[in-house]
Amino acid sequence: MPNDYSTVPESALAKLGHTLYQRALVRREDEAITDPRGQPIGWLLDTRTPMLDGDVFQEAGTVLAERLRARGIDQVAGFGYGAFPLVTAVLPHGTPERPFRGGFIRERRKAYGRRRLVEGPLDRSRPVALMDDILNSGRSAARAAALLRSDGFDVAGVVTLFNFTWSGGRARLEAEGLWVESLLELNLRESARAATPSGDTA
Ligand SMILES: O=P(O)(O)OC[C@H]1O[C@H](OP(=O)(O)OP(=O)(O)O)[C@H](O)[C@@H]1O
């Protein structure tokens, strides 16, 4: 039986976004958190906490799959621990005629065995969307896109849970010809200055 592909209502999106944000948010009052240079920061979003919980995993997969289908995409790839749960969450939401396929991008080609850079059944003749939890500077996604392209894949766009709008990641990726879609646009510029934000990220 094909899944029900009726459009996910906006209210469901808002609820999911709220859930993801609330359950991913870690504040310095909760635990000591640092940036990549080891400096203390005020908050971060750790999306692994909600995404690796079965209920959110299921709901996020439904919503993300809907967005991908609307763009004619049935192949997704991820680079890093924030991305992997998103890729796997989408996979059950295809149809028998048009199943989703997923890929995990390695930092570098594996030196033995199949010697692959991208693990999984992705088809080079069809476009791939990159998945990631957070778009901040856009450097991770740009690097992932470059790795995919270097291995012969056609990268169409990037789907994320959150976009930190103050960091210019979207512009960086759009300049490379990628479309960008995020479930939640976070615009916390003023509080960001005060809190030195991070998305569990650089
Ligand atoms: O747009 P950017 O500035 O590149 O930031 C976004 C990236 O940062 C985070 O990963 P992080 O580097 O914290 O590594 P992790 O996935 O291993 O936690 C996040 O999961 C994104 O992949």
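**Grounds for the descriptions**

Analyst: UniProt, in an unreviewed entry, places the feature "domain: Rhodanese" at residues 122–182. The model shown here is a predicted one. In it, residues 122–182 are 30% helix and 36% strand, and the end C-alpha atoms of the span lie 23 Å apart.

User: How many helices and strands does the protein have?

Analyst: The protein has seven helices and eight strands. Buried residues make up 47% of its 202 residues.

User: Why does G17 count as buried?

Analyst: Buried means under 20% relative accessible area. G17 has a relative accessibility of 5%, and therefore counts as buried. The residue is placed in helix 1.

User: What makes a set of residues a nonpolar core, and which residues touch the most other members of the largest one?

Analyst: The members must be buried residues of nonpolar kinds such as Leu and Met, joined through side-chain atoms within 4.5 Å. The largest such core has 33 residues, of which L45, L68 and M131 touch the most other members. Helix 1 (10–24), strand 2 (43–45), helix 3 (54–70), helix 4 (84–90), strand 6 (128–135), strand 7 (155–164) and strand 8 (179–186) each supply at least two residues of this core. Helix 3 gives the most, with six residues.

User: Which residues does L68 touch?

Analyst: Leaving aside residues up to four places away in sequence, L68 touches I73, V76, V90, F100, A129, M131 and V159. Another core, of 21 residues, lies apart from the largest one; F79, L135, F153 and L178 are among its members.

User: How do you know that the length of helix 5 agrees with what a helix should span?

Analyst: The expected span is 1.5 Å times one less than the number of residues. Helix 5 (residues 139–150) has twelve residues and should therefore span 16 Å; its end C-alpha atoms are 16 Å apart, so the two values agree.

User: Which residues of helix 5 are buried, and what do they pack against?

Analyst: The buried residues of helix 5 are A141, A142, A144, A145, L147 and L148. These residues pack against strand 3 (75–78), strand 4 (101–105), strand 5 (118–119), strand 6, strand 7 and helix 6 (169–174). Just after helix 5, G152 takes a positive phi of about 95°.

Technical notes. Residues are numbered from 1 along each chain as its sequence is written. This is a predicted model: local features need pLDDT of at least 70, side-chain atom pairs count only at pLDDT 80 or more; totals for chains, interfaces and linings use all residues. Side-chain values use heavy atoms; hydrogens and water are left out. Helices (H or I, at least four residues) and strands (E, at least two) are DSSP runs, numbered from the N terminus. Buried means under 20% relative accessible area, exposed over 50%, partly exposed in between (1.4 Å probe, protein chains only). Contact means heavy atoms within 4.5 Å. UniProt positions are given in the numbering used here, feature names are shortened, and annotations may be inferred rather than shown by experiment.
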